[in-house]
Amino acid sequence: MFNIFSKSLNKHTGLNYGIIGNCKSSALINEDSSIDWCCLPQFDSSSVFCKIIDHEKGGNLKIECDHSYSISQKYLDKTAIIITTFDNGKSAFDVIDFMTRFESDENNFYSPPEIQRLIIPKKGTPSIKILYDPKLDYARGQTKTYIKENFIVSVLDDASYETLFLYTNFDKKRIVESEEIILDRTMYLNLSYNEKIDTPDVEKSLLEYEKTKAYWLNWCEKTPSFEEYNTQIIRSAITLKLLTFDKTGAVLAAATTSIPETLGEVRNWDYRFCWIRDASMVIKVITKLGHQRIVKNFIDFIVDLIPTKNEKLQIMYGIDGQKILTEKTLDHLSGFKNSKPVRVGNAAYSQKQNDIYGILMDAIHFQIDKYKEDNYKHEQLWSIVKSVVWVVEKNWEKPDKGIWEFRNEDQHFTFSKLLCWVAIDRAIKISYLIKGGRKAEKWKILREEIKKDIMDKAWDPIKKAFTQSYNSKDLDASVLLMEPYGFINAKNQMYINTVEAIEKELLHNGLLFRYKNNDDFGEPKSSFTVCTFWFINSLYKIGEEEKASKMFKKLLSYSNHLGLFSEDIDFKSKQLLGNFPQAYSHLALIETAINFNKKAT
């Protein structure tokens, strides 16, 4: 009898996945080898597997063995290649998953829309089944699978038309009928969005594996080594790289849609888009790690988005630069662990958030300052700088939706005001860098006006803290960023008091609420991962270094088995929740780890 192996291998239940990708698309590999999420040909396309958001209907590709096998999983060091090892003592084999990426000629990369899977026997005579169940277009309609001479093809011919091709040296009938297969040599599966002109074979797959491995090793070689937390920094850097879209330079917030912030609730969003805020923060961190190509690509993306001087920035765009991201629900899908709804698109694209200007200007300033001799698109960037100052000058006194995208009434959020100050502060600094300070004197008056407004209206003398919004008693983790953005010194008693007040009110079971007041959906019930990193950094900056170090090590232990983080963590179970892997979480991890390394050196 062929028994299904289904035990959980991770210490925390939840998102026990690794991500593979090639900067065009990605796939999530479960710790048991099941490919449960993949969109082709690119990140924001409809899915070919979506078991992660519907266990029954979603479809997947899995290697299955009997119950005697133990399963372990790891990344090949300094790569985006996942190795899943099956071993029962007598027989063993590796499943190697990757998406092809290597340099084809100078500054051009071969990154086809396909998943490569190598199955390599190590000892004995393993017996396996291949469970192949593609469900095209988010499992809408009926996907039919046919055996052809050179491949297996899956077809959806319903409201939309989609196809998927599987090339292999396995017996194709045994795959389609999920029959047992004796593994006695190296086998391959090439899952391709396109029908191949040159038929794949195992030798080509092995060669592309070696080329992809070399690409990632070379990419990591450009990243500086750190005395402490180097492994975590490298893994997070690779993850951020995997969330970049080569074609346009866009940076995704996460690779998935509708993984809930809290199980059983409706805080489910599609994160396969480019938020200006998240992307700009990623670019700043990646610049610190020496990867200038990503920075230039993102600058191109921004310049292309703003063709006229008076066009305002949206908070987010499609990865191809789309400006309308209509939100829909897929009611036929049950959701992650039955947490409906499943959404595609994101209605937040039309929201007004004044913070995006400061974060973008901060990234532009950092890039110009770091690469002073490289005047890459400085003329276009200077036009953007002047336009941003104009927009901030006209809008900084107005309420908005804030960093957390409240969908109800606009408010005067402290973080939004702070980032308006940052926008003008960085514009002044950019002016000195590339225009000899012209415009700076005029802008300094506006900078001081915004700062005075924040100091007068955001500080609560009873709480002894900067609050979430003007005339509010609610605390918010985002105000911790006042110090990193240079608005206030870490030794200023007002900042120290704010950190202490946030610890008292928002810290729970070693993790931080982003805020505790009710929003559009009630009181938040999980920890927003990036906020705990922010708090750790704040502790470190105000001199609580030992406490910060202990918290950082504890937080790192809440990652999944491959060192990856999602958007949220459950306070009690420490289960990962929210979209995955989350760029915000990994960029904050890198920043925090670099801070500790500064102390070490």
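Modeller: A salt bridge here is a side-chain nitrogen of Lys or Arg within 4 Å of a carboxyl oxygen of Asp or Glu. The model is predicted.

Colleague: Why is the contact between the side chains of D456 and K452 called a salt bridge?

Modeller: The N to O distance between D456 and K452 is 2.7 Å. The limit is 4 Å, so the pair qualifies. Side chains of opposite charge can pair when their charged atoms come close.

Colleague: Where do D456 and K452 lie?

Modeller: Both belong to helix 10, residues 440-457. Four residues separate D456 from K452, about one turn of the helix.

Colleague: Why is D456 called partly exposed?

Modeller: D456 has a relative accessibility of 49%. Exposed requires over 50% and buried under 20%, so a value in between counts as partly exposed.

Colleague: What makes K452 exposed?

Modeller: The relative accessible area of K452 is 55%. The cut-off for exposed is over 50%, so K452 passes.

Colleague: How do you know that K550 forms a salt bridge with E546?

Modeller: The closest N and O atoms of K550 and E546 are 3.7 Å apart. K550 and E546 sit in helix 13 (residues 545-556), four residues apart, about one turn of the helix. Both residues are exposed.

Colleague: What makes R267 and E265 a salt bridge, and are these residues buried or exposed?

Modeller: Between R267 and E265 the closest N and O atoms are 3.5 Å apart. The limit is 4 Å, so this is a salt bridge too. R267 and E265 are both buried, which means that each has under 20% relative accessible area.

Colleague: How many salt bridges does the rule give?

Modeller: The count comes to 38 salt bridges. A network of salt bridges links K284, D362, D425, R426, K429, R447 and E448.

Colleague: What makes strand 28 and strand 30 edge strands?

Modeller: The sheet is open and has three strands, in the order 28-29-30, with antiparallel pairing. Strand 28 (526-528) and strand 30 (576-577) each pair on one side only.

Colleague: How do you know that strand 29 pairs with strand 30?

Modeller: Two bridges join strand 29 (residues 568-570) to strand 30. Pairing needs at least two bridges, so the strands pair. L577 in strand 30 is the bridge partner of D568.

Colleague: Which helix packs on the sheet?

Modeller: Helix 12 (residues 529-541) does, touching strand 28 and strand 29. The direction of helix 12 makes about 60° with that of strand 28.

Methods
Residues numbered from 1 in each chain as written. Predicted model: local features only at pLDDT ≥ 70, side-chain atom pairs only at ≥ 80, totals over all residues. Heavy atoms only, no water. Buried < 20%, exposed > 50% of the residue type's maximum accessible area, 1.4 Å probe, protein only. Contact = heavy atoms within 4.5 Å. Axes fitted to C-alpha atoms, helices over the stretch in contact; angles between N-to-C directions.
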